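Me: I would like to learn how to read strands, sheets and disulfides in a structure file. Could you take me through one?

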Amino acid sequence: MSKAVAARPASPLSRLWYKWRFHINILLVIIPLAFMPKYFADVALFTGTSGLGERMIGDVAVGPWSIRLAEFRAGPPELDGPAGYMKSFNGALCAECASQVKATYLRIGKPRSLRAAGGIFFGTAHRMGATVPLPARTKPDAELWITMEGWDGSVHQAAVPLEQASPSTVAWLKKQQGGK
């Protein structure tokens, strides 16, 4: 004689899974698709297919040379650990001056010397990037200084008002300083 085994009732979680498993699996496919536009926008920004950055500043004449400057991300500065708040900019040298420029630097506030010229641009002459720190005492009417050093030893500088270079940073500075 065999005993009839009584089937145990399914748990509420088991019933929920069997009822909704198809829908949950569809969500696992749809959720990543929702983030794809942001991902592709970031890839285009990093590879340069969408230009130098989110916000173009324009061509800046630095002595006999020029650089096309752009704000990498149009937004407030980002906190970078113990280094403090940082802002990233991209640049592209003019075609004629690419072979004449040895180094390009970027700094908020006028540099005292070439040794304190600021963050150096890295990358190719047609797509360079630099990150500059925002000192705590930065005023909203500060200037972004570009320093270029040529292979012949010449040094040229130019300034762009921070309001023109990054309006979002100026708004952030005013908010940080209590609207001064």
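Me: What is the strand order in the open sheet of four strands?

Reply: Strands here are DSSP runs of E with at least two residues, numbered from the N terminus, and two strands pair if DSSP finds at least two bridges between them. In this predicted model, the order of the open four-stranded sheet is β6-β5-β9-β10, with antiparallel pairing. Its edge strands are β6 (119-120) and β10 (155-161), each pairing on one side only.

Me: Before we go on, which conventions should I keep in mind?

Reply: Residues are numbered from 1 along each chain as its sequence is written, and side-chain values use heavy atoms, with hydrogens and water left out. As the model is predicted, local features need pLDDT of at least 70 and side-chain atom pairs count only at pLDDT 80 or more, while totals for chains, interfaces and linings use all residues.

Me: Over how many bridges do β5 and β6 pair?

Reply: Strand β5 (residues 101-108) pairs with β6 over two bridges, in the antiparallel sense. Within this pair, Leu106 stands opposite Gly119 of β6.

Me: How do I read a strand such as β2?

Reply: A general point comes first: in a regular strand the side chains alternate between the two faces of the sheet. Here, strand β2 (residues 65-71) is largely enclosed by the rest of the structure, because five of its seven residues are buried; buried means under 20% relative accessible area, exposed over 50%, and partly exposed in between, with a 1.4 Å probe and protein chains only. Strand β1 (residues 55-62) pairs with β2 in the antiparallel sense over seven bridges, and Met56 stands opposite Ala70 of β2. These two strands, β1 and β2, form a hairpin with two residues between them, and Gly63 in the turn has a positive phi of about 65°. Strand β4 (residues 85-93) is joined to β2 by five bridges and runs antiparallel to it, with Ile67 opposite Leu93 of β4.

Me: Which strand pairs with β4 over six bridges?

Reply: That is strand β8 (residues 127-133), in the antiparallel sense; there, Pro133 of β8 is the bridge partner of Met86. Strand β7 (residues 122-124) is joined to β8 by three bridges, again antiparallel, and the two form a hairpin with two residues between them.

Me: And which cysteines does the disulfide join?

Reply: In general, a disulfide is a covalent bond between the sulfur atoms of two cysteines. The criterion used here is a pair of cysteine sulfur atoms within 2.5 Å. A search of the whole structure finds one disulfide, joining Cys94 to Cys97 with an S to S distance of 2.2 Å. Both Cys94 and Cys97 are buried.
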